Amino acid sequence: MHALSLRKLSKTFKGGVVALRDIDLDVEEGDFFGLLGPNGAGKSTLIGIVCTLITRSSGEAEVFGYDIEKQAWQAKCLLGVVPQEFNFNGFETVEQIVLNQACYYGIRRREAKWSCERYLRELGLWEKRRAVSRTLSGGMKRRLMIARALVHKPRLLILDEPTAGVDIELRRSMWRFLERINREDGVTIILTTHYLEEAESLCRNIAIIDEGRIIENTSTEALLTRLNTHAFILDLASPIARTPDIPDFPIKRLSDSRIEAEIRRDQSLTDLFAKLAEAGVRVSSMKNKANRLEELFIRLLDNKLDDEGRQTVSARGA
Amino acid sequence: MYWERSLVALATIARKETTRYLRIWMQTLLPPAITMALYFVIFGNLIGPRIGPMDGYSYIDFIVPGIIMMAVITNSYSNVVSSFFGAKFQRHVEELMVSPTPNAIILLGYVSGGVGRGLLTGFIVTIVSLMFTSLQIHSLFITCSVVLLTSILFSLGGFINGVFARKFDDVAIVPTFILTPLTYLGGVFYSISLLPDFWQVASLANPVLYMVNAFRYGILGAADINIWVAYALILLFIAILGSFSLHLLNRGVGLRS
């Protein structure tokens, strides 16, 4: 069963701006799915259409087999949405916001209180339940939106950049929470994020959207194996005056005591260190230049990666 | 099941709307009480005795129904327009739109808030008016039904204004340039029998005249118009504005991209 199924989904806004072009996408029930793309790629438009805040121009969208417009009641009952921007009433209390949302789904207030308490406790907002929402910190507001989206117990949860502007500690605790509801409650999660480490860490499958088209849709693992090279930052034990010439290993000098080295999958770090030692360069420490998915993401968007993972000429940059 | 769930949603919107205008009672309930009390003092007590009787009633008795109705109209309208536009502006209207709440229930919920505030303000103004005169109700049914229907009608008007409003200025345009002139020229302070023939006929095109006069008939038993024509017009306008509001919601006008 597909939790979300999109067929030939297109959206053209007034004025002719094409936001989505014939999107086909299936998200399996129980999946933790990442939807990535640069700003303006069409992620939020896609989410807006699924939660009916934006009308589609053509195509079909189904949530657990229910058409989002023709069978709106059934589809919406199964769907929870955490939008990118805060969209709750700043004059209501935390508890009122969550309870009211449950009641909009037809859940009686008395019954909704259990679910409300559970999610407010799990998200660390129970002590703040009587606080007026506009007085909350940014991180609390984000968690409030998650509690609100879950209070009616949806089977599909869509989060549009839920950790934007959230500090690292809180982000990690939100990751753990999302992983738990995905694993234990079986909630299918679709996540859009700019933090690619987040997608790499959480998502089992990833789609990359750019200029309204899905340009990649595969498992996170398969996507990462397409990355043919790794870049490392090497801190040197003693400073160097010029870039060392190491055959087969592209080296970039960043400063007197720091270089960047790129190695292919079929090469080994041992070879690199051996050749650096031959050139009189001694390494004191090493780290990954960037998150792997981030590197791949940038290359995909720049059309730098062909099917075998080799770097090609940038179409965008040309 | 569907209707049971919809009723829970309706009760929630109604409760939320009621809480909203009660929470800000200094802005919603107190000002009309003060304004209308000033009308009673100035037009009723100070100027009224010099004007003399109107349609056979003392001037203050004549204007009380109109002033009550004026409070009901303006408050029903402004409650819905400000609440719905506020929900759009703060984007928390999206809470309702992503939920399965039917559009008819959303409309009913907002209208119930407008009706609640309109009737409560009308009640407060009625209590204030009792400090200046004693009211004799000619027909309780006509009084209550006309005030309720008028409140529904102007709540729907406020809703349509809220749907189309894009900025705060748009919320004030209709009440300032359309609603207030129609209300003041709708026979609140005078009987249209005092007007020249042309303006008497012209006044009949003002829908507020029918509401004010129908309400006055309910209280005093005297009106410038046929009471049944007033009922028919009010119901017709409710049907038109209600259908149009629902159409706007179904199309997502001002709400969906």
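In chain B, helix α3(B) brings Pro32(B), Ala33(B), Met36(B), Ala37(B) and Phe40(B) up against Thr121(B), Ile124(B), Val125(B), Val128(B) and Ser129(B) of α6(B), where contact means heavy atoms within 4.5 Å. By class, that contact has eight nonpolar, two polar and no charged residues; Ala, Val, Leu, Ile, Met, Phe, Trp, Tyr, Cys and Pro count as nonpolar, Asp, Glu, Lys and Arg as charged, and the others, Gly among them, as polar.

This is a predicted model: local features need pLDDT of at least 70, side-chain atom pairs count only at pLDDT 80 or more, and totals for chains, interfaces and linings use all residues. Residues are numbered from 1 along each chain as its sequence is written, chains are lettered from A and ligands numbered from 1 in the order written, and side-chain values use heavy atoms, with hydrogens and water left out.

**Helix packing in chain B**
- Helices α3 (residues 30-51) and α6 (residues 103-129) of chain B pack at about 35°, axes 9 Å apart; axes are lines fitted to C-alpha atoms over the stretch in contact, and angles run from 0 to 180 degrees between N-to-C directions.

**Chain A overall**
- Chain A has 10 helices and 14 strands, taken as DSSP runs (helices H or I, at least four residues; strands E, at least two) numbered from the N terminus.
- Its C-alpha atoms fill a box of roughly 75 × 45 × 35 Å along the principal axes.

**A sheet in chain A**
- Four strands make an open antiparallel sheet, ordered β2-β1-β4-β5 (chain A); strands pair if DSSP finds at least two bridges between them.
- Glu62(A) stands opposite Asp67(A) in β5(A).
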